[in-house]
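Subject: Structure handover

Hello,

Here is the structure I promised to pass on. Please open it next to this email and follow along.

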Amino acid sequence: MRFLTFAQAIKSPLWRLLPLLSLAACQQLPPPLDPLIGDTGQPLSEIAQRADVKTYDLSLEIFPDKKAIKGSGRTEFLLLEDSAQVELKLDSRFDIEQIRVNDQAAQFQRQGGILTIELGKTFHPGERVTVDVYYSGKPHIALNAPWTGGTVWKQTDNGQPWIATAVQGEGCDLFWPCKDHFTDKADSMRIRLTVPKGLSAVTNGVLQGITPVGEDKTQFDWLLSVPASDYNIALNIGPYRRIQQTYTSINGAQVPIEFWALDENAEKAQQLIDNDLLQQIEFFERQLGPYPWGDQKLGFVETPHLGMEHQTINAYGKKYKRDDYGFDWLLQHELAHEWFGNLITHEKLNDAWLHEGFGLYMQPAYSLDHFGSAAYNHSMYKSYLGLMNCKPIVLEGDITSEQAFNSDIYGKGGWTLHTLRWLIGDKLFWQATRELLYGTDNTTSLTYPITPRYRNTQDFIGIVNKLTGEDYQWLFDMYLKQAELPELVQQTQRQEQGQEQGQGQSITLSWKTPDELPFPMPVPVSVNGQLQVYQPVDGTITIAASADDHVVIDPEMKVLRYLPIIGLCDENTEKRKKR
């Protein structure tokens, strides 16, 4: 697989579908998901909008031999409007034994994966109601996690159960009853997991206790006491060894590190912490601010799938292999999402590039910080070669998660940040990024808990404009809202400059843009190795040079633009189909 970064590769629609062709040939596929259940973050119904989720409490027993689960999910709602009903979602393949409202048996309707629960009376704004759903069954098996999500049932090399969930695109309702919408994060969540003796059950938050259940089972009790998107909640079961240590955050707090590794890989995991993770967290905190969840844990767990940004317990399945880039890119990418995705969350799916564009860009930014410009340029160039230029990054209207996560939100999003950083300078770029994340540039003094926030594209543009004193709406309109890249048109004219000066040349540069959108982007130009940045005047740049001068336009590729080294949309799509 070429390096698109983990995020680019796994979330492009074609990469999701290709592995299913061989899978379908060798085994029977599970029943398809209900379209609504299989696509998280869709518009909330009128009933769902009437209540806000305050807490979740999930208690499950996992049966590895049956690939089944059984338990209950409690949701505490705060009513925002008068309502005699609340709504949850749960995959219709589960059997529901009963639903209780405030500990009383309740009536409910089930349409596919949507549960409409009767409260027994009308509740009013400010009142709270608790709903318990008791259920059991076999959760949807991930066809190719994390590309196409669900539950992964595997075995370790020595035959022990190794289980994980990954449901970013599909949503939490694949294995527990939830609201399944990124705009309604619970304030906290308790998760109790009962597993066969000898296995560990690892999830989000802080481990509260481990309790034997009978002679052959163990319950792991976890509490996540910060808001998290529903899809971030993950089950991880296996014969793990818990590796623990702490680091001192930039704000002075002692932050716990936990890496739950398969027992045979514990030494490799420790080396990954010592030789990579600690250096990565220092970079993130220096450039951005304190790790957001320092009062919980900085957590990773070894998984039978590649990886996913599960808040406080990121999935890691890269097998500890070092990259050509001098660091573990998967570890770095998922860690980046603790800021971009978890600390800030897109206000709408349309703004998903704030997760993935920044998430991608943090890898080359780290390369530049640690290894210099050659490593940075190498990463950016490889990313550029993967651009599709088929759809805008920021789409209009209601969209599905599949539409939101088109591959260009990673590469083109990262390249937008690359050009912006060059244009406004390092200081303002990182300042704008910190304000996007924390609402302030003074991040070193922040103490836990740190408040997460929702952000949209216009928020970031507003921050950039405020800090620079300039209006950069034109840059974001071009790069984020157009499928095509701007093209720099070059015309060269030979000129006679007199007998002593000889022949000269006049080079004229102008921007060709979709729908002739304004794009006053300056252009760096090298003449005989001397670099100068030219500002457009009335839409053009004119460079006077002698015939012998060596002129290179944008020699370090600072400006995102179309170059013939990549194709247009149709050509790029055809190339990807053939891979």
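Start with Asp 180. It is buried, because its relative accessibility is 1% and the cut-off for buried is under 20%. Please keep in mind that this is a predicted model. Asp 180 sits in the loop between strand S10 (161–166) and strand S11 (188–196). Its phi is positive, about 60 degrees, although Asp 180 is not a glycine. Most residues other than glycine have a negative phi.

Lys 67 also has a positive phi without being a glycine, here about 50 degrees. Look for Lys 67 in the loop between strand S1 (51–63) and strand S2 (68–79). Lys 67 counts as partly exposed, because its relative accessibility is 37%.

Next, the peptide bonds. Most peptide bonds are trans. The bond from Ala 145 to Pro 146 is cis, with omega near 0 degrees. Pro 146 lies in the loop between strand S8 (128–137) and strand S9 (150–155). Tyr 448 and Pro 449 are joined by a cis peptide bond too, with omega about 0 degrees. Pro 449 belongs to the loop between H9 and strand S22 (453–455).

Now the disulfides. How many disulfides does a search of the whole structure find? There are 2. Counting bonded cysteines along the chain, their pattern is 1-2, 3-4.

- Cys 172 and Cys 178 are both buried.
- Cys 390 and Cys 569 form a disulfide with an S to S distance of 2.1 Å. This pair links distant parts of the chain, 179 residues apart. Cys 390 is in the loop between helix H6 (373–385) and helix H7 (401–404), while Cys 569 is in helix H12 (residues 569–578). The torsion about the S-S bond of Cys 390 and Cys 569 is about 105 degrees, so the disulfide is right-handed. Cys 390 is partly exposed, with a relative accessible area of 28%. Cys 569 is partly exposed as well, at 23%.

Turn to Lys 318. Is Lys 318 buried or exposed? Lys 318 counts as buried, because its relative accessibility is 11% and the cut-off is under 20%. You will find Lys 318 in the loop between strand S20 (314–316) and helix H4 (329–336). The side chain of Lys 318 makes a polar contact of 3.1 Å with the side chain of Asp 323. A polar contact of 3.3 Å joins the side chain of Lys 318 to that of Asp 328. Leaving aside residues up to four places away in sequence, Lys 318 touches Leu 306, Asp 323, Asp 328, Trp 329 and Leu 330.

Then go to Tyr 438, in helix H9 (residues 426–438). Tyr 438 is buried, because its relative accessibility is 6%. What does the side chain of Tyr 438 make a polar contact with? The partner is the side chain of Trp 339, at 2.8 Å. A polar atom of the Tyr 438 side chain also lies 2.6 Å from the backbone oxygen of Pro 290. Not counting residues up to four places away in sequence, Tyr 438 touches several residues, including Leu 288, Gly 289, Leu 343, Thr 443 and Arg 453. Tyr 438 and Arg 453 are 15 residues apart in sequence, and their C-alpha atoms are 8.0 Å apart in space.

Look at helix H11 (residues 473–481) next. H11 is mostly covered, with 7 of its 9 residues buried. Those buried residues are Gln 473, Trp 474, Leu 475, Phe 476, Met 478, Tyr 479 and Leu 480. They pack against helix H5 (353–371), helix H8 (408–424) and helix H10 (457–468).

Last, the cavities. A search of the whole structure finds 6 cavities of 30 Å³ or more. The largest cavity holds about 120 Å³ of space. It is lined by 16 residues, and the closest to its centre are Thr 40, Gln 168, Phe 182, Tyr 231 and His 346. The lining of the largest cavity divides into 5 nonpolar, 9 polar and 2 charged residues.

Best wishes

Technical notes. Residues numbered from 1 in each chain as written. Predicted model: local features only at pLDDT ≥ 70, side-chain atom pairs only at ≥ 80, totals over all residues. Heavy atoms only, no water. 1 Å grid on protein atoms, 1.4 Å probe; cavity = no way out; pocket = protein on both sides within 12 Å on 5 of 7 lines; lining within 4 Å. Points joined across faces, edges and corners; volume = space filled by probe spheres on them. Nonpolar A, V, L, I, M, F, W, Y, C, P; charged D, E, K, R; others polar. Helix = DSSP H or I, 4+ residues; strand = E, 2+ residues; numbered from the N terminus. Buried < 20%, exposed > 50% of the residue type's maximum accessible area, 1.4 Å probe, protein only. Polar contact = N/O pair within 3.5 Å; in protein donor to acceptor, adjacent residues only side chain to side chain. Contact = heavy atoms within 4.5 Å. Disulfide = S-S within 2.5 Å.
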